[in-house]
Amino acid sequence: MEGRVLSIQSHVAFGYVGGKAVAFPLQCLGYDVDLVNTVNFSNHSGYGRSGGSKMSAEELESIFEAMEVNELLSPSRLLTGYIPNAQALAAIARLVEKLRKRQPDLIYLLDPVMGDAGRLYVAADVVPVYRSLLPLSTIITPNWFEVETLTDIPLTDPRSLRRALHKLHSDFGVPNIAISSIPLTPWLFESLPSDIKPHADLEAEHLLCITSSLSSNETSPSKVHAQCVPLLPGYFSGVGDLFSSLVLAHYNPHIDSSSVLLPSRTSFSEAVSQALTKTHAVLCKTFEYSEQLPEEERLVTDDEKDVAEPIRKVRRMRGRELKLIQSIDIIRGDCGDAMRRLESWSGFWEQS
């Protein structure tokens with residue numbers, strides 16, 4: 001089963017989050033995708049109201065057992081995303097342990113979907129289970145809040161960022177880390193090399209994507225790369241899911257030892273560059289579409305009015321669903337000159 005991905009995460013009937021945001025890009029890039037749903041909802045929670053159910057640990061194990069008996073459980077790559085509670089996550093952890101033991105070269109991307117903007121949106125008891133999964137991963141793609149949650153280190157300055165990355169590498173054994181998005185706060189901006197700092201439109205807000213890859217040939221703890229992207233206004237869902245799928249699709253560990261890459265680059269930083277470029281391009285297309293909707297479909301967020309008239313929020317969320325199908329050429333294409341390539345963060349580990 002070459003080029004086969006087992007994806008375990010949420011499912012929605014309408015829109016593009018979880019498995020719906022993952023399957024299409026992976027299939028466009030040539031992978032067969034087996035989907036196991038951890039929840040089955042009408043739409044994502046950002047709409048304010050939804051219907052559906054969560055899969056129990058027993059139901060998940062029943063699916064895994066049937067796949068095993070039918071010899072359908074031999075993925076070359078594994079992707080796990082949103083899992084609502086510790087019991088379900090523990091069942092998935094047992095599967096990951098089994099697959100890792102059977103296939104030591106399995107490429108496992110763990111997206112520890114726990115929260116954002118300083119708050120958890122899963123049960124707190126999933127955190128220790130996620131920590132137990134970290135040593136089994138090939139790649140993790142947390143946002144800044146999830147890094148803080150996994151490491152118990154608030155990201156407040158360059159030193160804390162180094163401590164968090166070092167802890168993930170040394171204490172938890174994670175080979176490749178991509179912090180998918182971290183606000184470009186003043187301390188972070190000041191610590192960046194000049195070739196990574198945004199020079200155009202300095203008044204606009206930016207996000208930073210950071211990668212860190214272990215290397216046995218280096219004296220420093222890891223190779224660190226980073227790149228900035230402009231922050232688009234508004235709320236979009238499924239962005240992290242799309243980003244993780246593209247990282248997994250483009251990651252090729254076999255080219256690190258070849259002469260294809262420049263010495264300052266890694267197969268992981270190149271995969272994340274592709275993912276960042278394409279994800280941002282899809283977001284731009286989605287934003288442009290949302291701006292052309294009738295006024296009643298793009299009313300600004302107003303908590304009081306949204307509570308009094310829930311359809312306001314529903315219409316706004318509906319207009320901001322990722323335009324994945326319309327972005328097929330972006331997903332399958334070569335980024336070329338549009339590449340937002342992550343650059344080597346020279347001196348990262350030597351900063352005071």
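The exercises below work through a predicted model, in which local features need pLDDT of at least 70, side-chain atom pairs count only at pLDDT 80 or more, and totals for chains, interfaces and linings use all residues. Residues are numbered from 1 along each chain as its sequence is written, and side-chain values use heavy atoms, with hydrogens and water left out.

**Exercise 1. Trace the order of the strands in the open sheet, and find which strands stand at the edges.**

Solution. Begin with the definitions: strands (E, at least two residues) and helices (H or I, at least four) are DSSP runs numbered from the N terminus, and two strands pair if DSSP finds at least two bridges between them. The open sheet has 10 strands with mixed pairing, in the order β3-β2-β1-β4-β5-β8-β9-β10-β11-β12. At the edges stand β3 (52-54) and β12 (343-344), each of which has a single partner strand, so one side of each is left without a neighbour in the sheet.

**Exercise 2. Describe how β4 is joined to β1 and to β5, and which way its side chains point.**

Solution. First take the pairing with β1, which runs parallel to β4 and is joined to it by 4 bridges; here Val 5 has Arg 77 in β4 as its bridge partner. Next, β4 and β5 also run parallel, with 4 bridges between them, and the partner of Thr 80 in β5 is Leu 110. Finally, Arg 77 and Leu 79 point one way from β4 while Leu 78 and Thr 80 point the other way, and all are buried, where buried means under 20% relative accessible area, exposed over 50%, and partly exposed in between (1.4 Å probe, protein chains only).

**Exercise 3. Explain why helix α5 is described as largely enclosed.**

Solution. Among the buried residues are Phe 145, Val 147 and Leu 150. The buried residues of α5 pack against β6 (115-116), β7 (119-120), α4 (126-133), α6 (158-170) and β9, contact meaning heavy atoms within 4.5 Å.

**Exercise 4. Work out how α8 and α9 pack together.**

Solution. Helix α8 (residues 239-250) and helix α9 (residues 267-291) pack at an angle of about 140°, and their axes lie 8 Å apart; axes are lines fitted to C-alpha atoms, for helices over the stretch in contact, and angles run from 0 to 180 degrees between N-to-C directions. Residues meeting across this contact include Leu 242 and Phe 243 in α8, and Phe 268 and Leu 283 in α9.
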